[in-house]
Amino acid sequence: MTNSDWKISHKILSYVILVLGMSGNVAMARMPDDTLGVKVYYPCGSGDVSRIPANAPCLERFIHDLDSLCRLPFFKPFALTVTSSASPEGSIGRNRVLSHARAMSALDFLNGRSEAFRHISSSLDCSIDEQTTNDMAGQVKVSHYPKMRFSEVMLCYSQGEDSLQAVSPPVVDEVSRQGQAEAPADSVRTGGLPAEEAGDVPTQSPPRQGKGVAAERRPVLFVKTNLPYDLLTFVNVAVEVPLGRRFSVEAQYVNPWWNSVRKHRTIELRYVSLAPRYYFGKDGGRYSSLFAGLSAGWGKYDMQLTRHGVQGELWHVSPVFGYSHYIGRHWKMEYSVSAGYLHTDYHKYTQKSGTPYGDIKVHDYPWVSHTFRSVLPTSLGVSLVYAFHGNKAKTHK
């Protein structure tokens, strides 16, 4: 190789080293991406982040780390995401509502406690991923359910190389690190939310359930009164007992007993009925949807508004259709109507005064019983319902 060839090769090699050095400097100067996150957990059936005490320190640490980052000159947030989830218990509709409530609860806590986070959340488009895990029922152990009830806030940011050495905060997950467990399994209702069936959840971590078994909080008894009957002073009460996930049976008792001899008025009725029901709709498992049933009733009556009145017995068989919905954690409203076959045997009478026996009711001649049969409406219900809840074992196959 001649001296001229060596000089040319040396220049080419120097040029390549210079280019590689420049590209390396460019790579070193690129703004690296990093994340700051916090993950909190919730009791079964709750969307309130404060229900587990260990959540507050996690969120406060997240706020502290965020404030430290905001003091760096090259800190630049560019994405904010929130992921929330509900465990498989309960209906998918209620779990969607619950998952949304958990995401909003974490955001509300951070917005209310941190001015820096409030500024970032208002300047970025927050991506919220609300998950339900109903399709995983029976595929994962029940002992894993508590970790499926969470919300996770993740902030993505970029920062200069110099500031990268200053702060390197990890994802705050104190609850998971400490093995924080939650209350056992669910079905709402959270401040305005009807959640997975919410119940009284202890603030401390309860022991986990046995394998394959979860405790589900479900209605076990409904007590109700028909408001139109109450307005007519017809004393009434009904009890509905769930027999399955969508089946129930209702027993009703009506017993007004008003008698005024001087005013010639009598309203006396002893009536009982029994009605099995089936609930339709997505929320039928909580007995809050459209329903249909068959009512059978029997009673004795004495009705008098003037000196003349009727006494008799009746029975009927009627299909029942209606709708039920929650208006509070334990309160429901129910609307129903029934029409069917009615049979009654009755006697007409006239009230006589001044007899040796006082005021008496004398059956009209010829003292025979009259019969009335027809298909017609038999009841109209607008009922106020109180629901009693209890824990029921639920096994996932």
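Trainee: How do helix H2 (residues 55-70) and helix H4 (residues 115-123) pack?

Mentor: Their angle is about 75 degrees, with the axes 9 Å apart. This is a predicted model: local features need pLDDT of at least 70, side-chain atom pairs count only at pLDDT 80 or more, and totals for chains, interfaces and linings use all residues. Residues are numbered from 1 along each chain as its sequence is written, and side-chain values use heavy atoms, without hydrogens and water.

Trainee: Why are H2 and H4 called roughly perpendicular?

Mentor: Angles of 65 to 115 degrees count as roughly perpendicular, under 35 as roughly parallel, over 145 as roughly antiparallel, and the rest as oblique. The H2 and H4 angle is about 75 degrees. Therefore the pair is roughly perpendicular.

Trainee: What makes H2 oblique to H3?

Mentor: The axes of H2 and helix H3 (residues 92-113) cross at roughly 50 degrees and come within 11 Å. That makes H2 oblique to H3.

Trainee: Which residues of H2 and H4 meet?

Mentor: Contact means heavy atoms within 4.5 Å. Phe62, Leu66, Asp67 and Cys70 in H2 meet Ala116, Phe117 and Ile120 in H4. Of these contact residues, 6 are nonpolar, none polar and 1 charged.

Trainee: What makes a set of residues a nonpolar core?

Mentor: Its members are buried Ala, Val, Leu, Ile, Met, Phe, Trp, Tyr and Cys, joined through side-chain atoms within 4.5 Å. Buried means under 20% relative accessible area, with a 1.4 Å probe and protein chains only. The largest core has 27 residues; Phe62, Leu66 and Phe117 are among those with the most contacts inside it. H2 gives the largest share of this core, 6 residues.

How values were computed: Axes fitted to C-alpha atoms, helices over the stretch in contact; angles between N-to-C directions. Helix = DSSP H or I, 4+ residues; strand = E, 2+ residues; numbered from the N terminus. Nonpolar A, V, L, I, M, F, W, Y, C, P; charged D, E, K, R; others polar. Buried < 20%, exposed > 50% of the residue type's maximum accessible area, 1.4 Å probe, protein only.
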